[in-house]
Amino acid sequence: MSLNRAIRRAAEGQRLDVGEARVLYATAPTHLLGQLADRQRARRHPDGIVTYIIDRNVNYTNVCVARCSFCAFYRPVGSAEGYVLSFDEIFRKIDETIAVGGGQLLLQGGHNPDVPLQWYEDLFRAVKERYPEFRLHALSPPEVIHISRLSGLPVPAVIQRLIAAGLDSIPGGGAEILVDRVRKLLHCYGKATADEWLDVMRQAHRNGLRTTATMMYGTVETPDERLEHLLRLRELQDETGGFTAFITWSYQPDHTELSGVEATGVEYLRTLAIARLVLDNFDNVQASWVTQGGKVGQLSLAFGANDMGSVMIEENVVRAAGASYCMDEVEIVRNIEDAGFVPKRRNMHYEVLGEPFCRHADVPRMHALATAKAAGEAGVPEDLLKYPARSREGKAARGQRGG
Ligand code: SF4
């Protein structure tokens, strides 16, 4: 495959095959790859608008039976550091989110065997009753599969019940690399195979939900396996059209069992650019400044990204693995404008809501990210005790038989 031919086809906005993507990713100069991705971004977003959302990333539990080797966030069942948030704590986080102009929670957590489907349904209903306009972007595909296994219900039935309770959209977490060889090496094959992850998204799209798609690179995968991941997403998008956006970030190695070193900023920008070029049926590509820092995040806007993701109010997962970048709305808007773009607030469907909230409201500046729980705080809230537990430890704690 000649590089020149691949460059010409990318410049014309033609669909790239795997050979063309491979030669571009491996050998095109970085600035040229950026230019090609930027041209592709401009075809979809000629108005120069760069969006962001004000929401809050809440992790309702850190207890997880999946034990992925790249994860520094989870705690095993029975750990003294394990927690589940109470409904009241979640309501308080929603109140704080609304106060800074937010309208959505990104709600994800570990695969906790002692949190049954009914808990999620009751939580979603309670949120919608208290905050009818508030949106729930919740439960990545592996969590949906976990709930399906716990409840004994098939995935489509779980999705339908969650939608009936108030689920608005599914985040694309837990995809890592959608190649089973990699998933086995990362100990995440058991939580969801590549096909299972994709099928949850297929079912969600069939049931009318829009979702995002992600890729975490930089562990044990080859460049070809990253491209295979992108091509599988493109194929499903051709089938359903249900993905709103794609987000990629590099593996964060600190405090993980897998350990290793983090990919560089250049590798991030090249990966972002090739994703924009391969995913020709995705409208939106997000910059991951939370893992890459504000400056590389800003540079992402010249490498194919048209969205700055979320104003970060709370973060627990990548912080546990060493990344702790923070930008409030004022800072995100400044970065977008300095890069020559027009900042606009959006909703979960990437529809523009309007001007920056901070332009017409006195928003408190946030220089410290909130966490789900302060160090030393953990445990099971009162309101969880009425639900049946599955683990021996959970049953014993709730005084249920069979522990
Ligand atoms: S990545 Fe998610 S599923 Fe894997 S161990 Fe961490 S919390 Fe559990």
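**Salt bridges across helices: worked exercises**

Arg-149 and Glu-196 form a salt bridge, with their closest N and O atoms 3.6 Å apart. Here a salt bridge is a side-chain nitrogen of Lys or Arg within 4 Å of a carboxyl oxygen of Asp or Glu. Heads-up: this is a predicted model, where local features need pLDDT of at least 70, side-chain atom pairs count only at pLDDT 80 or more, and totals for chains, interfaces and linings use all residues. Residues are numbered from 1 along each chain as its sequence is written, and side-chain values use heavy atoms, leaving out hydrogens and water.

**Exercise 1.** Work out which parts the Arg-149 and Glu-196 pair ties together.

*Solution.* Start with the helices (DSSP runs of H or I, at least four residues, numbered from the N terminus). Arg-149 sits in H6 (residues 141-151) and Glu-196 in H9 (residues 194-206), so the pair links parts 47 residues apart in sequence. Next, check exposure: buried means under 20% relative accessible area, exposed over 50%, partly exposed in between (1.4 Å probe, protein chains only). Arg-149, at 46%, is partly exposed, and so is Glu-196, at 31%.

**Exercise 2.** Find how far apart Asp-199 and Arg-202 are in helix H9.

*Solution.* They're three residues apart, about one helical turn. Their salt bridge has its closest N and O atoms at 2.9 Å. Asp-199 is partly exposed at 30%. Then follow the shared partners: salt bridges join Asp-199, Arg-202, Arg-206 and Glu-239 into one network.

**Exercise 3.** Decide whether Arg-226 and Glu-221 are buried or exposed.

*Solution.* First, the pair: Arg-226 bridges to Glu-221, closest N and O atoms 2.8 Å apart. Both residues are buried.

Note on methods: Helices (H or I, at least four residues) and strands (E, at least two) are DSSP runs, numbered from the N terminus.
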